[in-house]
Amino acid sequence: MALLELTDVEARYGQVRALHGVSLAVDEGQIVAVLGANGAGKTTTLRAISGTVRRSGEIVFDGSRLGRRGPEAVAKLGVAHVPEGRGTFAELSVEENLKLGGYTRRGSIDADVQRMAEYFPWLEERSAQHAGTLSGGEQQMLALARALMSRPRLLLLDEPSLGLAPLVTREIFRIVRELNDQDGLTVLVVEQNAAIALEVASHAYVLEVGAVAVSGSSDELARDESVRKSYLGY
């Protein structure tokens, strides 16, 4: 059953239309990748879902139409968005960043802080350190951990490999796969590194100029030489 469905979604930045009728679906417990070149509309697709860009068309999450709901209302429904460029609060400590991630929750979040330390062991020993002093990979992991503090039904993950070393990228995707396997976390990930995204995702959509050019199972797309050469760049 689809947890998220987009039907003919368009999005604009002022007078510029960035999405031209994107339709896609993400089943509960699935990892789905959105691939494509720079400017294809990948990031805008996530922003349309989380309500941070003007959009039209229909977006349905867990049976509820998102309509004109803004980012806070979408987050309260159970959607967590990790934006491109990490998005940590540099002047706040690691622990403060984590606690901010639980702002939509009621009651104590201490158990969740400990749970994040199981996935990211270094968080506990760096809890008092300012986020801005962390390495790029650590900041990306902190941004992911902060999003998970809200216990989302759906994680929107935008370009997690951006600017990171391959080993760090693989570790982030390993954790995402582990969260999916152990907790059933549903993930929609935008990624320019098509090869690693197709390893983790079960299904993928390839965007071209703001529209879906091709979609299918990750195995099908990875095996299709014409798709790889035309859209995936490897």
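Reply: Start at R151, which sits in the loop between α6 and β7. One caution comes before the details: this is a predicted model. Now look at the backbone of R151. Its phi is positive, about 50°, although R151 is not a glycine. Is R151 buried or exposed? Its relative accessibility is 52%. The cut-off for exposed is over 50%, so R151 counts as exposed.

Helix α6 covers residues 136-148. E138 has a relative accessible area of 18%. Buried means under 20%, so E138 is buried. What does E138 touch? Leaving aside residues up to four places away in sequence, E138 touches W122 and R126.

Next, see how α6 packs. A pair of packed helices is described by the angle between the axes and the distance between them. Take α6 with α7. Their angle is about 15°, and their axes are 10 Å apart. Angles under 35 degrees count as roughly parallel, so α6 and α7 are roughly parallel to each other. The crossing of α6 past α7 is right-handed.

Which residues make this contact? From α6 come G137, Q140, M141, L144 and L148. From α7 come V168, E171, I172, V176 and L179. Sort these contact residues by type and you get 7 nonpolar, 2 polar and 1 charged.

Helix α6 has another partner to look at, α3. Helix α3 spans residues 94-101. The axes of α3 and α6 come within 7 Å and cross at roughly 35°. This crossing is right-handed. On the α3 side, V94, N97, L98 and G101 take part. They meet L142, A145 and R146 in α6. By type, the residues of this contact are 4 nonpolar, 2 polar and 1 charged.

Now follow α7 to a sheet. Helix α7 runs over residues 166-183 and lies across β3, β7 and β8. Its direction makes an angle of about 140° with β3. Strand β7 covers residues 154-158.

What is the order of strands in that sheet? The sheet is open and has 6 strands, in the order β6-β7-β8-β3-β9-β10. The pairing is mixed. Look at the two ends. β6 (79-82) and β10 (211-217) are the edge strands. Each of them has a single partner strand, so one side of each is left without a neighbour in the sheet. On average, neighbouring strands here are turned by 15° against each other, direction ignored.

β3 holds residues 31-35, and β8 holds residues 186-190. They pair in the parallel sense over 4 bridges.

Now compare with another sheet. This one is open too, with 4 strands in the order β2-β1-β4-β5. Its pairing is antiparallel. The edges are β2 (16-27) and β5 (64-65), and each pairs on one side only. Helix α1, residues 42-50, lies across β1 (2-13), β2 and β4. It runs at about 110° to β1.

Go to the β5 end of this sheet. Strand β4 (residues 54-61) and β5 run antiparallel and are joined by 2 bridges. F61 stands opposite S64 in β5. In the loop between these strands you find D62. D62 has a phi near 50°, which is positive in a residue other than glycine. At 39% relative accessibility, D62 counts as partly exposed.

R151, between α6 and β7, has a positive phi of about 50°. D62, between β4 and β5, has a phi near 50°. For surface exposure, R151 counts as exposed, while D62 counts as partly exposed.

Notes: Residues are numbered from 1 along each chain as its sequence is written. This is a predicted model: local features need pLDDT of at least 70, side-chain atom pairs count only at pLDDT 80 or more; totals for chains, interfaces and linings use all residues. Side-chain values use heavy atoms; hydrogens and water are left out. Two strands pair if DSSP finds at least two bridges between them. Axes are lines fitted to C-alpha atoms, for helices over the stretch in contact, and angles run from 0 to 180 degrees between N-to-C directions. Contact means heavy atoms within 4.5 Å. Buried means under 20% relative accessible area, exposed over 50%, partly exposed in between (1.4 Å probe, protein chains only). Angles under 35 degrees count as roughly parallel, over 145 as roughly antiparallel, 65 to 115 as roughly perpendicular and the rest as oblique. A crossing is left-handed if the near helix is turned anticlockwise from the far one by less than a right angle, and right-handed if clockwise. Ala, Val, Leu, Ile, Met, Phe, Trp, Tyr, Cys and Pro count as nonpolar, Asp, Glu, Lys and Arg as charged, and the others, Gly among them, as polar.
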